[in-house]
Every structure is written in C-alpha cells, then in structure tokens.
Amino acid sequence: MRSKLFVPASRPELYAKALAGQADSLSFDLEDSVAADRKDEARQQLAQWLASPEAQATEKTLIVRVNAMDTPYFLADVRAVARPGLQMLNLPKAEDVEQIREAARVLAEAESANGVTQPIRLLLNIESPRALRCAADLAAADPRVAGLQLGLGDLFEPLGIARREPSAVKQAMFTLRLAAGEAGVFAYDSAFADIRDAEGFQAEAELARRLGFLGKSCIHPSQVALANAAFRPSDEEIAHAVRVVEAARDADARGVGAYVVDGKMIDPPFVRRAEAIVETAKRSGLLPL
C-alpha cells in the first residue's frame, strides 16, 4: 500500500477513473470533502458502487473514511459501507480507547447485517496531541486496528506549528512510528496539501520510508507516482530480502535462531522486515506472486 489516493465520495464520476489509476489503495471520503447537505447522497452513491462488479473485482485496497463518531453521520456511514470487498474503515479523530472499541462493535454489527464474512479492519487517524500521546494504546484497543495514520495538518494547525517545519514533521512521524511498532500495526504517512510541490512531497515520502512507514496519502493523482517510487524497494533490497526469507525458512527447519546473510546477523525483526519487502515487491510486480 505504497500510495493511497483520496477520492471524494460526493464525486462518483471519479470512482472509475481512480480505480483505473496506479494507486495501490483508494480512500473514499465521506467526511471533510462532503458538505452536510450531501452526506446522505454521497453515502448512498458510494455504497452502491462498492457493490458493483468493478469494485468487487479490483485488487486495490478499498478504504472508506467515515465521519467521526461524535457526528450524527457515523452510524449511517458504517451501516452503508460495511460491504463485502471493503478492506478498511478509516476512523477520523480517534482519541479514546473505548471509542475505538465501540467503533469495532458497530462495525461488527454492520458486517453481520450486510453479509460480510471477511472482517473489515480499522485505520485510525491520529490528529491531535492527545491522540499522538496515546497512539499505542489506541492501536491496541481492538484486534481490528490495522494501522495508524498521521494527520499533520489537523495536528499542527491548532498549535500554531507550521505544517512544513522539518523538525516538527520528523518528530511527529518518529513518535507515531514508535507507537505503531509498540502496538504491532503499520504506520501510514500524512497527506501533503501543495500539489504543485512535487519535490516537497517526494522528500516527505522518502523520509516516511526511512522511518518505516508503509506508504503515503495522496490528495491528487499526480502524487501517486511519486509515492509509488518513494516506497518502491530497490533491486538490492529485494534481492537481500529474498535471501533473508529463504535463509529464515532453512534456519527454522534446522532450529537455528540467528544466522548470517550477506555478512549481516539476522534474527526475527530482520526477517519480518524482509518479508514485508518481499510482499511489497510482489504487489508491485517486481517479483512473481
């Protein structure tokens, strides 16, 4: 999931175009991009499309950002979009452990009502100081939580912190990555609002990759190729990862816990990283499935 393209749910004419694009995942938004008087219409349009043959057949990861739990739209959103084929529900403004558990309960009820057999995961938006401080606890609140997504604009703006301040960006990203690691979920990078600044987007995406993030949010199709390139493992990384995975299988068979590959000592954390690189390479067509 190197790239996640934002698609306003109120713009159904963009659904097919986004599906035909190069983004690894699509995030359909029912929250900020949809005016209050169009919430019902957008929700219905999106639910209908999610049931379409095109949506059901795609290999892309399909995600829906619903409205926050303290709004009058949350329940209707979840009940409408929790359909077979939806992989993740993006929960904005996550701040409380009990809130996450309640969201998981509502999601389970909607799945049961809509005939969903493959559980839909939760992607939590971390958008406030409290949420960032408690991010590991939020991620561990329920087994449905798959990842944490950083919202730098929402996090920084109320504090008067410049969105592009390098030290603040890196600190927030590092803090979120550690929290995600503690909880055993993935970390996902924030959106980058200036679609004209390709260099700025690329620099932030490359930083995110160095910090171990899974991918970066894209608010415009022009950013997708940049994210895909930034999170593409190099040929050397792929080759090394394949050797590590193969050595790990051999070591398991022999009951060996630590060993050397390409002159480097390998133990379980390195194996998990190698497995992630191999999986990314397969999804990207760089290795056979």
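Author: Let us begin with lysine 93, which lies in the loop between β4 (88-91) and α5. The model is a predicted one.

Reader: Is lysine 93 buried, or is it partly exposed?

Author: Buried means under 20% relative accessible area, and exposed means over 50%. Lysine 93 has a relative accessibility of 38%, and therefore counts as partly exposed.

Reader: Which other residue has a positive phi without being a glycine?

Author: Aspartate 262 has a phi near 55°. This residue is found in the loop between β9 (259-261) and β10 (264-266). Because its relative accessibility is 43%, aspartate 262 counts as partly exposed.

Reader: Which residues are linked with Lys93 in a network of salt bridges?

Author: The network links Lys93 with Asp29, Glu31 and Arg65. Within it, the side chains of aspartate 29 and arginine 65 form a salt bridge, with N to O at 2.5 Å. This pair links distant parts of the chain, 36 residues apart: aspartate 29 belongs to strand β2 (residues 25-29) and arginine 65 to strand β3 (residues 61-65).

Reader: Why do aspartate 29 and arginine 65 count as buried?

Author: Aspartate 29 is buried because its relative accessible area is 0%. Arginine 65, at 13% relative accessibility, counts as buried too.

Reader: Where is the partner of glutamate 111 located?

Author: Glutamate 111 forms a salt bridge with arginine 144, and their closest N and O atoms are 2.7 Å apart. Arginine 144 is in the loop between α7 (135-139) and β6 (145-150), whereas glutamate 111 is in helix α5 (residues 97-114). Both residues of this pair, glutamate 111 and arginine 144, are buried.

Reader: What does the pair of arginine 209 and glutamate 237 link?

Author: Their side chains meet in a salt bridge of 2.7 Å, N to O. The pair links helix α10 (residues 198-210), which holds arginine 209, to helix α12 (residues 235-254), which holds glutamate 237. Arginine 209 counts as buried at 18% relative accessibility, while glutamate 237, at 29%, counts as partly exposed.

Methods: Residues numbered from 1 in each chain as written. Predicted model: local features only at pLDDT ≥ 70, side-chain atom pairs only at ≥ 80, totals over all residues. Heavy atoms only, no water. Salt bridge = Lys/Arg side-chain N within 4 Å of Asp/Glu carboxyl O. Helix = DSSP H or I, 4+ residues; strand = E, 2+ residues; numbered from the N terminus. Buried < 20%, exposed > 50% of the residue type's maximum accessible area, 1.4 Å probe, protein only.
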